[in-house]
Amino acid sequence: MEKALRKWFPLFVLPTLCAFIIGFIIPFIEGIYLSFCEFTTVADAKFIGLSNFIFALKDWSFWRSFLLTTAFAIASTLVINILALVIALALTGKIKGTNVFRTIFFLPNLIGGIVLGYIWQILINCVLYKVGQPLLALNSQAGFIGLIILTSWQQIGYMMIIYIAGIQNIPDAVLEAAKIDGASKWETLIHVKLPMLMPSITICLFLSITNAFKLFDQNLSLTAGEPGHLTELLAMNIYSTFYSHSGLQWMGIGQAKAVIFFLIVVAIALVQLKATHSKEVQQ
Amino acid sequence: MKKINTNLFLTILFSIICIFHMYPVMMILFNSFKKESAISTSSVFELPTANTFNGISNYVNAIDAQGFLWSLFYSIIITLSSVTLILVCCSMCAWYISRVNSWISKLMYAMCAFSMVAPFQLVMFTLSQTADRFHIGALRFNSPYSICFIYLGFGAGLAVFMFTGFMKSIPVEMEEAAMIDGCNPFQTFFKIVFPVLRPSMISVGILETMWIWNDYLLPTLVLDIKQYKTIPMLIQYFRGSYGSVQMGPMMACVVLTIVPVIIIYLIGQKHIIKGVLSGAVKG
């Protein structure tokens with residue numbers, strides 16, 4: 001069968017392969033190459049070595065957005081996961097209407113980032129107006145907190161679903177054994193449920209960290225980096241380096257930043273891979 | 001007795017939380033029925049009254065003047081064509097990869113897994129350039145009718161990865177039997193494998209639909225925004241020109257964008273949650 005199938009390579013693989021090469025491989029290789037070039041289009045690229053990277057690392061707005069993104073990742077990951085876990089634990093109990101609650105919690109996840117940002121901008125601006133604070137366009141602190149609220153609102157339902165699946169996978173026999181041994185509800189939670197949930201927790205932690213680092217749409221539509229780029233996360237910083245600076249050198253610097261950004265994301269993914277694998281060995 | 005009380009308490013508590021959770025969506029809904037003069041930063045929380053109620057004229061206006069119907073059309077065309085293309089091409093490709101043991105299969109698989117990590121910002125500039133430059137004859141990729149090819153390339157990673165994972169659990173014997181009975185690989189795939197793939201088709205389809213329907217940056221960079229606007233592009237585009245934009249019709253647009261998503265979610269809830277879950281656990 002393998003032999004017969006091999007002959008059909010053009011039909012089975014070629015369409016995807018072509019699209020993949022055009023849509024990913026070429027842009028990816030060009031992207032890496034262009035980070036060492038000065039350019040306005042791909043055609044007029046001139047090799048200039050590492051200077052883009054040096055400029056990118058000297059650009060303090062890049063460092064600021066990096067620190068901001070790190071802070072944002074830590075804060076949003078904590079908020080999302082703690083709340084999602086608590087809700088998941090509550091909703092797997094014997095409450096009436098858990099399905100309705102789950103449905104409602106998950107719903108914001110389906111709304112796109114641009115629309116979400118728009119909704120929350122109106123809402124947060126109104127709250128700020130009522131309490132006499134400057135609006136989002138002038139208020140970087142509110143913008144940062146707003147981003148955390150927005151992403152939590154969007155992702156809690158998602159993580160909750162993963163946690164619920166994890167909780168339902170805990171065998172009843174284990175919980176019963178704990179009960180017979182006289183463990184209280186709290187002890188069961190800490191010593192039985194949470195350790196059994198570690199795989200789900202690992203997945204959710206890394207999902208929310210990666211999401212935080214890659215966040216763009218919500219950032220663009222909630223604050224657009226205002227005031228004065230102070231609420232600009234990494235992805236947004238790269239975008240504005242590309243498209244809202246004039247000057248030949250900025251394209252290259254933007255591309256260099258994108259490569260650094262890519263390396264950060266890859267590093268997170270590698271740590272994740274290692275973490276999930278070591279968990280699998282233990283079980 | 002005490003246990004029933006705690007459960008009742010939790011049910012009531014969660015009902016209240018859920019109402020707050022849904023409030024941002026409700027807020028947009030209420031405001032979309034208000035008169036233009038009644039929508040301001042300070043009055044967003046107020047329900048429409050007899051004086052400010054505007055009937056459905058905001059909706060008429062949105063559909064009429066803001067080009068919402070065209071955007072809806074483009075969004076539907078792009079999502080449908082891309083998802084169909086991804087499902088058919090990637091499942092075929094994944095079958096080949098999982099049944100033929102060669103270096104090209106292994107390389108494709110590794111590249112697909114790798115492409116899921118790469119952030120869009122790394123390739124955004126070069127991809128938009130490639131899309132503008134590259135063409136097969138008269139077929140260009142920067143129109144809503146052919147952008148699906150770009151989506152196939154960029155979405156292939158997740159789809160091939162998930163399909164390959166699922167293929168490994170399908171017994172090969174069935175396919176071999178079909179081949180012995182005289183089916184060629186094409187017939188074998190569409191008569192034997194394709195029907196078995198249904199559950200994972202739904203999962204992958206939902207994940208890709210959620211992504212493409214809400215995607216903002218890729219169509220913005222690839223399509224000519226003056227000519228073609230998808231729904232996220234429309235919303236972001238009109239917000240760019242604040243002040244001159246009528247808030248009422250904008251909110252109506254947002255409601256019209258969210259409502260179909262909610263309806264589809266309520267109908268296909270089980271599948272959607274399952275799809276999201278399998279994506280999270282594998283990705």
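K229(B) lies over the face of Y237(B), 4.6 Å from the ring centre; a charge counts as sitting over a ring if NZ of Lys or CZ of Arg is within 6 Å of the ring centre and within 35 degrees of the ring normal. This is a predicted model, in which local features need pLDDT of at least 70 and side-chain atom pairs count only at pLDDT 80 or more, while totals for chains, interfaces and linings use all residues; side-chain values use heavy atoms, without hydrogens and water. Residues are numbered from 1 along each chain as its sequence is written, and chains are lettered from A in the order in which they are written.

**Aromatic rings**

- Over all chains there are 37 aromatic pairs, meaning rings of Phe, Tyr and Trp (its six-membered ring) with centres within 6.5 Å, called stacked with planes under 30 degrees apart, edge-to-face over 60 and tilted for the rest.
- Y109(B) and F161(B) form a stacked pair, because their ring centres are 5.6 Å apart and their planes lie at 15°.
- K168(B) is placed over the face of Y109(B), at 5.0 Å from the ring centre.
- Ring pairs also join residues into a cluster, among them F20(A), F262(A), F114(B) and W211(B).

**Burial**

- Y109(B) is partly exposed at 25% relative accessible area, on a scale where buried means under 20%, exposed over 50% and partly exposed in between (1.4 Å probe, protein chains only).
- F161(B) counts as buried, at 17% relative accessibility.

- For C204(A), the nearest cysteine sulfur is that of C18(B), 19 Å away.
- C204(A) is buried, with a relative accessible area of 0%.

Terms used
A disulfide is a pair of cysteine sulfur atoms within 2.5 Å.
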